[in-house]
Amino acid sequence: MNENLKIIENMNIKAFQNDLISWFEREQRDLPWRKDQDPYKVWVSEIMLQQTKVDTVIPYFLNFIEQFPSIDELATADEEKVLKAWEGLGYYSRVRNLHSAVKEVKEKYESKVPDTPKGISSLKGVGPYTAGAILSIAYGKPEPAVDGNVMRVLSRILSIWEDIAKPSTRKVFEEAVRLLISKENPSYFNQALMELGALICTPTSPSCLLCPVREHCHAFEEGTQTELPVKTRKKSVKHVDLVAGLIVNKEGKILIHKRPNKGLLADLWEFPNIEKSQLFHPRRVLEDFLLDEYKIETEIRTSSFAKIDHVFSHLTWEIEVFAGEMVGKVQETSTLKLVTAEELGEYAFPVSHQKIWKEYQQMI
DNA sequence: AAGGCGTGGGG
DNA sequence: TCCCCAAGCCT
C-alpha cells in the first residue's frame, strides 16, 4: 500500500461509510441535478460545476436543460445558441467540448452516454474526475471521483501531506477512494465526500464539531485540520493593456467581431480591440488597427469614454474604450458583423465586453 | 509538468 | 485591495 495511506489500515471502513452516507441522506442540498439520475443531466451538471460554485451553476443548469433537454436536442442545436446559453459561465472550451462530445454520443453510441471508464473517458472534456462522477452518480459504478473537495477532505481524514497542486498527487487520492468507497452505494459515497467538503470540511475554518466523520479523522485528532491540505500557490498573473472601439455606422449599427476558435474566450464575440503600443496614442493604434485588419475607415472620438478593468485567473486586462463612426462601408463576414442594439443580445460576449456595452449605454 | 483557460464571491 | 477559492481539462 502507498505510504500515504497507512491510516486506512486502522480505520473502521464500514462505520466510516455508514456515518458519511447517513449524513448525506439527512443533509444533502436540494439541487436541480439531483432530481433524477439521467446520465445526460449528470454530465451537463458536472461540466458546469468544474471550477464553478453551485450557486452560480443552478440558473445556468435550469436554463440549459430547458433549452436542450436531451442528448439529441443538444446534438442538433445551433452552436451560437449553445454558446449563448453558456455566456458568463466562463471556461468556454467546456461547452464547445460538451457540444462536440454529445454529437459523438448521438452518432457513435445511439445517444446513450457510455457507462465504461474507457468509453466515457474518450469523450472530449471528460477527464478523470468527470468520468468517475458520471460512472458513480448516473450508473452506480464504484469509481473514484476525485476533485478539490475530495482531496481536501481525505487529506485531513487520512493525514496526507502531499502537495495537492501537483498533478501526480491525484492518483494517491484515487487509490484511497478505491479502498474506502462503498460498493453498495458508490454514488452517495462520492457525492457525500464532495458535499462534506462544500458544507463542513471547508478550506478555512472547517466545522469539525458538526462533522459526521470526525471520529474517523486523523487531522481532527491531531488538531492539524487547518494546516491541510498542503497546496503550493501559483505565481502571479500578467497584465495586458488593450484599446477597444465601440464603432457604429450611419444607421447606428454596431461593429462586432468573433474571436478565434482557440485560446482565450474562443468563439465569443467582442468589440474590435488591439493591444496598446508604447509608441503611439491608443486612439491612433485603434484607428490603424481597424484600417489594416478590417479595411474600415473611422472617425474616432478624441477621448475615451471608459476604462474597463477585468481580472482572469491567469491575467488581467485594462481596456480603454473609444467611441467612433465608420466613414465608408464594411464587407461583413462570418466573423465581422454590423448589428443593431437589439441583435446584440443574440450573441455571446465575455463579461469584459458586456461591461463595455453597459458603460457605452450610460454614456449616450 | 506546468501553464492556459473565466467568473464571482469571501476573508 | 489583494489573494484565494470552486464538483478540472487540455496541451
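**Chat about the DNA surface, cores and domains**

Biologist: Hi! Which helices each supply at least two residues of the surface near DNA strand C?

Modeller: Those are helix 2 (39–49), helix 8 (128–139) and helix 9 (148–157). Keep in mind that this is a predicted model.

Biologist: Noted! How many residues surround DNA strand C, and which are the closest?

Modeller: There are 25 residues around DNA strand C, and the closest are Q51, D147, N149, P203 and R233.

Biologist: And how does that surface divide into nonpolar, polar and charged residues?

Modeller: Nine of the residues near DNA strand C are nonpolar, seven are polar and nine are charged.

Biologist: On the DNA side, what share of the atoms within 4 Å of the protein belong to sugar or phosphate?

Modeller: For DNA strand C that share is 66%, and the rest of those atoms belong to bases.

Biologist: How far is a phosphate oxygen of DNA strand C from a polar backbone atom of Q51?

Modeller: The distance is 2.5 Å for Q51.

Biologist: Changing topic: which residues touch the most other members of the largest nonpolar core?

Modeller: W43, F64, L154 and L158 do, in a core of 105 residues. Domain 1 (3–222) and domain 2 (238–363) each give this core at least three residues. Apart from it there is another core of 15 residues, including L286, F289, F322 and L336.

Biologist: What is W43 in contact with, leaving aside neighbours within four places in sequence?

Modeller: W43 is in contact with I71, L98, A101, V102, V105, V113, L123, V126 and I134.

Biologist: Now L180. Is L180 buried or exposed?

Modeller: L180 counts as buried, because its relative accessibility is 0%. You'll find L180 in helix 10 (residues 170–180). Leaving aside neighbours within four places in sequence, L180 is in contact with I8, M11, I13, F16, Q17, L154, L158 and F189.

Biologist: Last one: what separates the centres of domain 1 and domain 2?

Modeller: Taken over C-alpha atoms, the centres are 38 Å apart. The contact between the domains takes eight residues from domain 1 and 16 residues from domain 2.

Notes:
Residues are numbered from 1 along each chain as its sequence is written. Chains are lettered from A and ligands numbered from 1 in the order in which they are written. This is a predicted model: local features need pLDDT of at least 70, side-chain atom pairs count only at pLDDT 80 or more; totals for chains, interfaces and linings use all residues. Side-chain values use heavy atoms; hydrogens and water are left out. A nonpolar core is a set of buried Ala, Val, Leu, Ile, Met, Phe, Trp, Tyr and Cys residues joined through side-chain atoms within 4.5 Å. Buried means under 20% relative accessible area, exposed over 50%, partly exposed in between (1.4 Å probe, protein chains only). Domain bounds come from an automatic or database domain assignment. Contact means heavy atoms within 4.5 Å. A residue is near a molecule or strand if one of its heavy atoms lies within 4 Å of it. A polar contact is a pair of N or O atoms within 3.5 Å; within protein, one must be able to donate a hydrogen and the other to accept it, and residues adjacent in sequence count only if both atoms are side-chain atoms. Helices (H or I, at least four residues) and strands (E, at least two) are DSSP runs, numbered from the N terminus. Ala, Val, Leu, Ile, Met, Phe, Trp, Tyr, Cys and Pro count as nonpolar, Asp, Glu, Lys and Arg as charged, and the others, Gly among them, as polar.
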